[in-house]
Amino acid sequence: MDEDNHQDPGSSMSSRIVVVDDHLIVLDGLRRLIDAEPGLQVVATCRTAADAIEAVSTKPVDLVVIDLRMPEMDGLDLVRHLRRDRPELACVILTADISDEELAEAMRNGVSGIVLKEQAPGALVECIRAVIAGRTYVADQGLGAAIDRIREREAERRSIMQKLTPRELEVSRLAAAGLRSREIAARLGIAPGTVKLHLHSVYGKLNITTRVELANISQRLQLGSS
C-alpha cells in the first residue's frame, strides 16, 4: 500500500479516495488522474485487497475505486468485506468487462458506480463526483440496459418470494432441482401427499402447470439462492 501524503490548499475539504488495482502502471495513472481534479484526493493506492482493507480501517476514506479482477480476493468480495464494516462507504467498480450476474451482485452489495476501462478517463471522474454526491453512475448504455433487466428480474424475484410460504419455497427449490415428490418428502420429513399439495399451491400462485416451468422460473430468478 502506498500513501499519498501531499496536501493542497483545499485538501481539508477534499473527498478522500482509496484506489485498488493490482497493476502498478494502472494504479499510478489512476492516482494522477484523480489527484489532478479539484476537491478529490487519493489518500492511498493499494495493489491487494488486504492493503485496501488496512487503508480503509486506518484512514478517513469517503470512496473506494476497486478493480473487479484481482488475485486472492476479487473486487466484489472486497466490496462485501469493506461495506460489512463500513456500510456508508461509497464503492466504484472499474473493470474491462462484467457479467449480468456480477452486475446483480454489485447492486445487491451497494456498489454505486461502474466504469468500464475502455471508457474515456473523464468517465471515472464523472462517476466519482456523482457517487460522492449520492447518485449512482453507469455511463455505458449496454450496462445501463443490463441493470434495467436485473432490476426487473429482482423485482419479480421479490414478488415470488413474498407470494410463497417458506415451506412452498423449500418444496419449489427441491422440485426445480429435479427431485421427485417422494424424495422431497423424505428430505423435508413430510408426506408425499403434502408435497403434492404444496406444489399445487405453488402452481396456482405462479400461474404455471408443470415442473419444467417451475425449474425455468427457479433458474432465471435464482430462487435456489437465499
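1. Buried here means under 20% relative accessible area. The model is predicted. By that cut-off, six of the six residues of strand E5 are buried, so E5 is largely enclosed by the rest of the structure.

2. Look at the two sides of E5. Ala90, Val92 and Leu94 point one way. Cys91, Ile93 and Thr95 point the other way. In a regular strand the side chains alternate between the two faces of the sheet.

3. E5 runs parallel to E4, and five bridges join them.

4. The largest nonpolar core has 29 residues. Val18, Val20, Val64, Ile66, Leu78 and Ile93 have the most contacts inside it. Strands E2 (15-20), E3 (40-46), E4 (63-67) and E5 (90-95) each give two or more residues to this core. So do helices H2 (49-58), H3 (75-85), H4 (100-108) and H6 (141-163).

5. Which residues does leucine 78 contact, leaving aside its neighbours within four places in sequence? They are Val20, Ala49, Ala52, Ile53, Ile66, Met70 and Met73.

6. Helix H7 spans residues 166-176. Its buried residues include Glu168, Leu169, Val171 and Leu174. Just after H7, glycine 178 takes a positive phi of about 105°.

7. Helices H8 (181-188) and H9 (192-206) pack at an angle of about 105°, with their axes 8 Å apart. That angle makes H8 roughly perpendicular to H9. Ser181, Arg182, Ile184 and Ala185 in H8 meet Pro192, Val195, Lys196 and Leu199 in H9. By class, this contact has five nonpolar, one polar and two charged residues.

Key. Residues numbered from 1 in each chain as written. Predicted model: local features only at pLDDT ≥ 70, side-chain atom pairs only at ≥ 80, totals over all residues. Heavy atoms only, no water. Core = buried A, V, L, I, M, F, W, Y, C linked by side-chain atoms within 4.5 Å. Buried < 20%, exposed > 50% of the residue type's maximum accessible area, 1.4 Å probe, protein only. Helix = DSSP H or I, 4+ residues; strand = E, 2+ residues; numbered from the N terminus. Contact = heavy atoms within 4.5 Å. Axes fitted to C-alpha atoms, helices over the stretch in contact; angles between N-to-C directions. Parallel < 35°, antiparallel > 145°, perpendicular 65-115°, else oblique. Nonpolar A, V, L, I, M, F, W, Y, C, P; charged D, E, K, R; others polar. Pairing = 2+ DSSP bridges.
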